[in-house]
Protein chains: 2
Amino acid sequence: MAAKIISGNEVGEKIREELKEEINSLKGKGVTPGLATVLVGDDPASQVYVRNKGRACEKLGIYSEQHNLPRDTEETKLLELIAGLNEDPKIHGILVQLPLPKHIDESKVLYAIDPSKDVDGFHPTNVGLFFTEKNFEDMIGKQLFLPCTPHGCIELLQRSGVELSGKDAVILGRSNIVGKPVALLLMANNATVTICHSRTKDLDKICQKADVLVAAIGKPKFVKADMVKEGVVVIDVGINRTEEGLVGDVDFEAVKEKASMITPVPGGVGPMTITMLLANTVKSAKRTEKMMA
Amino acid sequence: MAAKIISGNEVGEKIREELKEEINSLKGKGVTPGLATVLVGDDPASQVYVRNKGRACEKLGIYSEQHNLPRDTEETKLLELIAGLNEDPKIHGILVQLPLPKHIDESKVLYAIDPSKDVDGFHPTNVGLFFTEKNFEDMIGKQLFLPCTPHGCIELLQRSGVELSGKDAVILGRSNIVGKPVALLLMANNATVTICHSRTKDLDKICQKADVLVAAIGKPKFVKADMVKEGVVVIDVGINRTEEGLVGDVDFEAVKEKASMITPVPGGVGPMTITMLLANTVKSAKRTEKMMA
């Protein structure tokens, strides 16, 4: 039996509709959520990402401004811009598009963003607060910016009715932007979590035991049908450009015959990342509104 | 065949000897490492901990001062004390003994400690930097305060010659002070990590596959011999007060017959916590020395 396809387009659309209501309610109270994006250089992929973020804001009625700086911008200039955005009351979220040119210290720049406007959730203080929070409901309830892609994965699972408590979740990849934070989020949802990576032995055996499998390693079609068990739920975070177009880390056509649910690439996790960024921006604006009230 | 017993007393002693040399070398350059401990209230166990830390400092030639405040101390008073210690050049490490009385906001107090003096590694910024670091050598090399008990576990493993890369490590417990940070440290040492907890199903089966088992759940003698495989390496972080005295989370007498190495309780992980606190204090003082040079 073929798997149910989890559509990130559909789930994302649903969340954006919910956000729209919140935004309208905020505007009624005199607060318009605002997002500033900062792009240094002219990397075409980054330009597309930033433009898409701007458009997504526009659609929902979020104010957005885009700061495009030349590739040779000095680090101090960039830090000055961020300092200004930190102080700007119109701006509730600041996103610096990565990667930055090599002459700029990325961690220094991320550190300079006011944690209360860090809608990417990359500031060490926010990472630390996220790490320390034990319970998923608290993560959502508190003024905490969850990292966008991992949070998007959890939304896909929850809104597809996947019960995570007590499940064996296996994560392929231990990156800071996906593998490690997804592990924390699954654990906060009471899953038993195993994190695999390039040094893992018997990877097939470990994957075969997974109730939920999250692939985030950047290797096209790495996960084959014989690596998963019947009924597994598969979240494919990979986006690999190949000759046959964009493909995920999972051999979708084969694995979907065994899985109970699976995300496609494109149209799975991808659309969720921007959506959760917008959600964080609205969350930030709501706090401003509370402070004004 | 009975397991090799990993003695935290011996490993700790060895590390403290190494620290003593570093301290003498620092003193030769005019820097005496200094640790301030802060205790609020008169909990007898906390008093013992703080006293032991003071004594350990004295033995190594670390300057220490103990601030004992009455139980009804106001939060603002405590924050003032910390602000003073943050500014005090004699002090390289500040340790606030937990738990604090209920009228004081623990997270606010930990947040108030200057991250560069946070030798417990509990400040969110330090937690975030630790989370983000990928490689164990970098964690050690950089100015990063690793949390003391988890770091002590890794030192016990490494100094006992346990190769972690590619090994299946299973952690029982997902606490902020042991389970989660131990997971990060084992992962940074290239182990494949599974984190189990109260909601985990088939716990026995998961434990039976472990090459390295870390128990940190606070349940006396919870891990039985039939839950582990022949040759497992066991780190027992539990310290449970029972009628038969202090016991760990592992049924030591039975499990030691199957394990290849095992830590006892007491005398295993316990002595390592203070040792790694002293190591962090010396690490902090070394930075001061570099700044002066």
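Select strands E3, E2 and E4 of chain B, which in that order form an open, parallel sheet of 3 strands. Strands here are DSSP runs (E, at least two residues) and helices are DSSP runs (H or I, at least four residues), each numbered from the N terminus; two strands count as paired if DSSP finds at least two bridges between them. This is a predicted model, in which local features need pLDDT of at least 70 and side-chain atom pairs count only at pLDDT 80 or more, while totals for chains, interfaces and linings use all residues. Residues are numbered from 1 along each chain as its sequence is written, and chains are lettered from A and ligands numbered from 1 in the order in which they are written.

**The sheet and its helices in chain B**

The edges of the sheet are E3 (63–69) and E4 (93–96) of chain B, each of which pairs on one side only. From one strand to the next, the twist averages 15°. Axes are lines fitted to C-alpha atoms, for helices over the stretch in contact, and angles run from 0 to 180 degrees between N-to-C directions. Strand E2 (residues 34–40) of chain B is joined to E4(B) by 4 bridges in the parallel sense; select B:Thr37 to find its bridge partner in E4(B), B:Leu95.

Move to B:Pro99, in the loop between E4 and helix H4 (106–112) of chain B. The peptide bond from B:Leu98 to B:Pro99 is cis, with omega near 0°. In chain A, a cis peptide bond with omega of about 0° joins A:Leu98 and A:Pro99. Most residues other than glycine have a negative phi, and most peptide bonds are trans.

Select strand E8 (residues 233–236) of chain B. Both of its faces are covered, with B:Val233 and B:Ile235 buried on one side and B:Val234 and B:Asp236 buried on the other. A residue is buried if 20 or more other C-beta atoms lie within 10 Å of its own, exposed if 12 or fewer, and partly exposed in between, with C-beta atoms placed from the backbone. Strand E7 (residues 212–215) of chain B runs parallel to E8(B) and is joined to it by 4 bridges, and 2 bridges join E8(B) to the parallel strand E11 (residues 261–262) of chain B.

Now select A:Ile171, A:Val214 and B:Val214, which have the most contacts inside the largest nonpolar core, a set of 188 residues. Such a core consists of buried Ala, Val, Leu, Ile, Met, Phe, Trp, Tyr and Cys residues joined through C-beta atoms within 7 Å. Not counting residues up to four places away in sequence, B:Val214 touches residues including B:Ile171, B:Val182 and B:Ile235.

B:Val182 is one of the buried residues of H8(B). This helix (residues 179–188) is largely enclosed by the rest of the structure, because 10 of its 10 residues are buried. Just after H8(B), B:Asn190 takes a positive phi of about 70°.

**Positive phi in chain A**

Go to A:Asn190, in the loop between H8 and E6 of chain A. Its phi is near 70°, and A:Asn190 is partly exposed, with 19 other C-beta atoms within 10 Å. A:Asp202, in the loop between E6 and helix H9 (203–208) of chain A, has a positive phi near 55°.

**Where the chains meet**

Finally, display the contact between the chains, which takes 23 residues from chain A and 23 residues from chain B. On the side of chain A, helix H5 (124–132), helix H8 (179–188) and strand E6 (192–196) each give two or more residues, and H5(A) gives the most, with 8 residues. E6(A) and strand E6 (residues 192–196) of chain B run antiparallel and are joined by 3 bridges. Centre on A:Ile195 to see B:Val193 of E6(B) opposite.

Note on methods:
Contact = placed C-beta atoms within 7 Å.
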